[in-house]
Amino acid sequence: MKHKNLTMKDIAQKAGVSITTVSHVINKTRHVNMETKEAVLKAIEELNYRGSKSGKTNKIKYIGVIVADIREDYYISIIKAIETVATDFEISIIFCDSEDDPEKEEKNLSMLLERRISGLIIAPIESTHIPEILQKTSIPVVLIDRQYESHRFLFVGINNFRSSYLGTLHLLNKGSRQIGFIGYSESVYTIKQRIMGYQACIMEHENSATPRILSLSYHKEDSYPLIKKFIEEENLDGIICATSTICYEVIDVIDSIDSKIQKNLKIISYDDNRWLDYLKYPVSVISQPTAEIGSAALENLIQLIEQSNLKYDVKRELFFDVNIIDRLK
């Protein structure tokens with residue numbers, strides 16, 4: 001019997017693989033080993049999957065996606081995941097990068113709404129202010145990565161407080177005691193939550209320790225001397241990097257810091273990258289399931305568009321678990 005609403009997510013769950021892998025098998029976009037390919041094809045056959053050509057999403061032509069900063073590994077992975085699922089549903093995606101600039105975010109919103117998109121996925125810049133144009137829109141909206149302090153949308157992502165707590169605990173378990181947090185302004189939802197998680201873990205497990213926080217600015221300063229001064233003056237033996245971009249900057253500084261500090265310093269960052277396996281300074285990672293987050297954001301948005309008779313006026317959250325990739329001795 002054919003299931004009308006099957007998606008690649010269903011195939012992935014049955015085959016025990018990622019959605020991206022399913023996409024590669026179906027679309028023949030990348031080599032997949034024979035064992036995995038056979039598992040996917042078997043799941044497709046057993047579920048009687050026929051793709052999305054049944055006209056299920058015919059009324060959806062364009063969906064807009066606005067990310068806060070395309071430099072982040074997280075957003076690159078999210079975009080790939082969204083595009084993979086969009087191909088399955090035969091939907092065109094219009095991507096925009098706000099470059100963490102509120103004015104550019106407003107322009108992106110205006111442009112997308114003028115294009116009469118059916119729905120919007122957005123990683124907002126500031127948590128305290130919802131752009132007026134977004135407050136007034138009637139189209140379905142899904143938030144990813146970041147969210148507003150007060151809103152009526154669906155948020156898809158991770159529990160940022162919990163993830164940072166676990167990252168701090170990871171460093172404590174590796175022997176670090178002088179742990180610092182390097183991030184950006186607390187006006188960014190993810191940063192605020194990650195700082196709170198870091199502080200909570202420090203206070204719970206190290207009663208005499210004082211939280212050490214360095215807040216950098218986007219695009220407005222040379223962070224190198226600030227990071228170097230922070231590490232040396234605080235005599236840090238552990239650092240939590242709030243983003244992968246900050247991690248790159250910290251790695252760039254390490255060779256210039258005091259050798260005694262350098263020897264003992266342990267680092268954990270967000271979002272994995274292949275090159276982290278080849279560093280002479282090992283970096284553990286708080287890995288976010290970007291394929292699952294991206295696909296869930298788009299599939300939930302499609303459902304909201306198709307069920308236009310349903311109106312939600314309360315904040316809803318869909319959290320995914322993180323995974324710690326341990327590279328520290």
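Residues are numbered from 1 along each chain as its sequence is written, and side-chain values use heavy atoms, with hydrogens and water left out. Because the model is predicted, local features need pLDDT of at least 70 and side-chain atom pairs count only at pLDDT 80 or more, while totals for chains, interfaces and linings use all residues.

Start with strand β1 (residues 62–67). Helices (H or I, at least four residues) and strands (E, at least two) are DSSP runs numbered from the N terminus. In β1, 5 of the 6 residues are buried, so the strand is largely enclosed by the rest of the structure; buried here means under 20% relative accessible area, with exposed over 50% and partly exposed in between (1.4 Å probe, protein chains only). From β1 the chain crosses through helix α4 (residues 73–89) to β2, a right-handed β-α-β crossover, right-handed meaning that, with the strands pointing away from the viewer, the path from the first strand over the helix to the second runs clockwise. β1 and β2 (residues 92–97) run parallel and are joined by 6 bridges, and two strands count as paired if DSSP finds at least two bridges between them. β1 also pairs with β3 (residues 119–122), again in the parallel sense, over 4 bridges. V65 shows both pairings: its bridge partner in β2 is F95, and in β3 it stands opposite I121.

Then there is an open sheet of 6 strands, in the order β7-β6-β8-β9-β10-β12 and with mixed pairing. Its edges are β7 (212–215) and β12 (323–325), each with a single partner strand, so one side of each is left without a neighbour in the sheet. Neighbouring strands are turned by 20 degrees against each other on average, direction ignored. Within this sheet, β6 (residues 179–183) and β8 (residues 238–241) run parallel, joined by 4 bridges, and G180 has I239 of β8 as its bridge partner.

Two helices lie across these strands. Helix α9 (residues 223–233) lies across β6, β7 and β8, at about 175 degrees to β7. Helix α10 (residues 244–254) lies across β6, β8, β9 (266–270) and β10 (283–287), at about 155 degrees to β9. Such angles run from 0 to 180 degrees between N-to-C directions, with axes as lines fitted to C-alpha atoms, for helices over the stretch in contact.

As for packing, the largest nonpolar core has 89 residues, and I63, I121, I182 and V250 have the most contacts inside it. A nonpolar core is a set of buried Ala, Val, Leu, Ile, Met, Phe, Trp, Tyr and Cys residues joined through side-chain atoms within 4.5 Å. Leaving aside neighbours within four places in sequence, I182 is in contact (heavy atoms within 4.5 Å) with residues including L214, F230, I239 and V250. A second, separate core of 17 residues includes I66, L120, I122 and F155.

T137, in the loop between α6 (132–136) and β4 (141–144), is buried at a relative accessible area of 11%. Not counting residues up to four places away in sequence, T137 touches L113 and R152. E90 lies in the loop between α4 and β2 and has a positive phi of about 55 degrees although it is not a glycine. E99, in the loop between β2 and α5 (102–114), also has a positive phi, near 55 degrees, and counts as partly exposed at 39% relative accessibility.
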